Amino acid sequence: MYGGGNIFEATKLDDLQAEDPAKMAEFEARIARGEKIEPNDWMPALYRKQLIRMIEQHAHSEIIGSLPEGTWITRAPGFRRKMAQMAKVQDEVGHAQLLYSAAETLGKSREQMLTDLINGKSKYSNVFNYPALTWADSNVISWLIDAGAIVNQMANARGSYGPYSRALERICAEEAFHLKYGHDAVVHLATGSPKQREMIQAALSRWWPPIMTFFGPSDKMSTHTETLMRWKVKMATNDDCRQQFLDMYVPKIWELGLTVPDPNLKKNAETGKWEFTEPDWEEFKRVINGDGPCNAERLAVRRSAEERGAWVRKALLHPKAKYVKPLA
Amino acid sequence: MSLTSLDPRVTRLNLPDGEVPLMAPKPALDQFETYEVFHQKKESAAYTYVGPVHAPNEDVAFLFAKEQYSRRAACVGLWVARTAHIQVTPYVGDGENVYDTLRLETPTEQSGQPEPYEIFHLKKRGKAHTHAGRVMATSYQGAVQEAKKAFGEKGPIVNVWVVRSGHVLQSAEEDKDMWLTVPEKKYREATAYKVMDKITKFKEQQTNTPAQ
């Protein structure tokens, strides 16, 4: 699970003029022909840097995103739901593994990525800095956050970098279960007793504002955005993803008689676009920079797992081991 | 003060609350070496590349590979090889044949006994390498040459991976029953969740109940 939020802005981007024009032309022609780029190909520094950033953030989002749902495994109502919740959490952690490997093919080690996550240098999807207060919150995450992630990942799977596309294909296949499982859980509460309905409505109301920020602010259309789209690093704008998500899921929320807590939310019949109250981007910025309800807990839990497992890894390490980055 | 969470299990970890010093950078090889994993989807299908795992040794790599790559999808066999043991040719463009571009020199002296090598082909960029077959050779270079003769004609082949068979840990025939658990876990399949009946019933009730 993952959103586009805040990825492409505010990096000091490399000067494209410094790249070898002949190699650049070959690289761009390959992408224009619809061919994928593989790890050993020549690539511009900007391409490499943005992909590492994007895939790494995606990996972190999977591993941190498994925490709010993971804490509900023991409290999930009934054995079947515990099993399914556990399987979903295991999938998410597996996705992180796949994605870290894809980023590694570009030259950043997994040790470095994990260090950067724990020390707050790399980001992860901001929605996971909010708490899953009840079982219903966990269901809303399973359904709607995963739904948003799928919109994003389906777009990215068509991108130009081979290892990322391969990982995303596998990930999207697994996410299909998450989406159905989440929908099933939400429908169960929404069609249940008045108390259950109240619970799912409250969770939806809590999660709607973070969900609306999930795809990130409107893209600033700079030359670099255009370049990244031409290179098929960025496959759709944040706004396009958000519109697609609203198109697919608002009707499904409404058919359950649930209320989306935004009086301005409606589809404009003329433009075909959804209109909504602009999300609170100030809060988004504040939370992504560390000041959210769960930032400290998420990183502390992750760090504790790393530190408590360190002696096992040390004991298992073969003295002659030599690192080679994954092939593809 | 330790961190309090909504989750009692997190609270019980007694994690430090407030500002904490930065974690020292993880040392090199903290995450071990990498291994490449190939799976067989069904009997008689060619082994296909599924992705890497990090592991301290071959056996653990196999266990991780089984979890990572056979947990959710049909699988009847796994091969695992250390990344360092796989030799890779250059990549060519889609539609081309990499064997045509390789300058293959015949090894001057045939030393040692020929041994088996596994050959994997990438047919199109972005797809996965699949097992083309096995050749006998005395070196990686020789193996590529043999591979060209044996399977190099049916292009396009964008890239070739070569690994000595002895370096591939292969799941054994007698362990086949370890792949049997996937169909038991229906709750991991999207098809196990059918909500339309519930939704339809709910909507009917809504229409039948006059608005209050």
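Student: What radius of gyration would a compact globule with 328 residues have, and what value does chain A have?

Tutor: The radius of gyration is taken over C-alpha atoms, and the globule rule is 2.2 Å times the number of residues to the power 0.38. For 328 residues a compact globule would come near 20 Å, and chain A has 20 Å, which agrees. Taken along the principal axes, the C-alpha atoms of chain A fill a box of roughly 65 × 60 × 35 Å. This is a predicted model, in which local features need pLDDT of at least 70 and side-chain atom pairs count only at pLDDT 80 or more, while totals for chains, interfaces and linings use all residues. Residues are numbered from 1 along each chain as its sequence is written, and chains are lettered from A and ligands numbered from 1 in the order in which they are written.

Student: What is the mean pLDDT of chain A, and where does pLDDT stay under 50?

Tutor: The predictor's confidence in each residue is its pLDDT, on a scale from 0 to 100. Chain A has a mean of 93, and 95% of its residues reach 70 or more. Over residues 6-11 of chain A, however, pLDDT stays under 50, and the model has 12 contacts beyond four places in sequence for them; two residues are in contact if their C-beta atoms, placed from the backbone, lie within 7 Å. Where pLDDT is low, the predicted coordinates should not be read in detail.

Student: How many helices and strands are there in chain A?

Tutor: Helices (H or I, at least four residues) and strands (E, at least two) are DSSP runs, numbered from the N terminus. Chain A has 11 helices and two strands, and from the N terminus on its elements run α-α-α-α-α-α-α-α-α-β-β-α-α. Among the contacts in chain A with a separation of 6 or more, 80% are between residues 24 or more positions apart.

Student: Which residues have the most contacts inside the largest nonpolar core?

Tutor: In soluble globular proteins, nonpolar side chains tend to be buried together. A residue is buried if 20 or more other C-beta atoms lie within 10 Å of its own, exposed if 12 or fewer, and partly exposed in between, with C-beta atoms placed from the backbone. A nonpolar core is then a set of buried Ala, Val, Leu, Ile, Met, Phe, Trp, Tyr and Cys residues joined through C-beta atoms within 7 Å. Of the 328 residues of chain A, 47% count as buried. The largest core has 74 residues, and those with the most contacts inside it are A:Leu51, A:Ile55, A:Ala59, A:Leu99, A:Ala103, A:Val140 and A:Val186. Several helices of chain A each supply at least two residues of this core, including H2 (45-70), H3 (79-104) and H6 (162-190), and H6(A) gives the most, with 11 residues. Not counting residues up to four places away in sequence, A:Leu51 touches A:Leu106, A:Tyr161, A:Tyr164 and A:Val233.

Student: How many residues does each chain bring to the contact between chain A and chain B?

Tutor: The contact takes 50 residues from chain B and 57 residues from chain A. On the side of chain B that touches chain A, H5(B) gives the most, with five residues. That side of chain B divides into 26 nonpolar (Ala, Val, Leu, Ile, Met, Phe, Trp, Tyr, Cys and Pro), 13 charged (Asp, Glu, Lys and Arg) and 11 polar residues (the others, Gly among them).

Student: In what sense do S1(B) and S2(B) pair?

Tutor: Two strands pair if DSSP finds at least two bridges between them. S1(B) and S2(B) pair in the antiparallel sense over seven bridges, and the bridge partner of B:Phe38 in S2(B) is B:Tyr49. S2(B) is mostly covered, with seven of its eight residues buried.

Student: Are B:Phe32 and B:Ser44 buried or exposed?

Tutor: Most residues other than glycine have a negative phi, and most peptide bonds are trans. B:Phe32, in the loop between H1 and S1 of chain B, has a positive phi near 65°, and with 21 C-beta neighbours inside 10 Å B:Phe32 counts as buried. B:Ser44, in the loop between S1 and S2 of chain B, has a positive phi of about 80°, but B:Ser44 is exposed, with 7 other C-beta atoms within 10 Å.

Student: Which residues does a cis peptide bond join in chain B?

Tutor: That bond joins B:Gly155 and B:Pro156, with omega about -10°. B:Pro156 lies in the loop between helix H4 (140-151) and strand S7 (159-164) of chain B.
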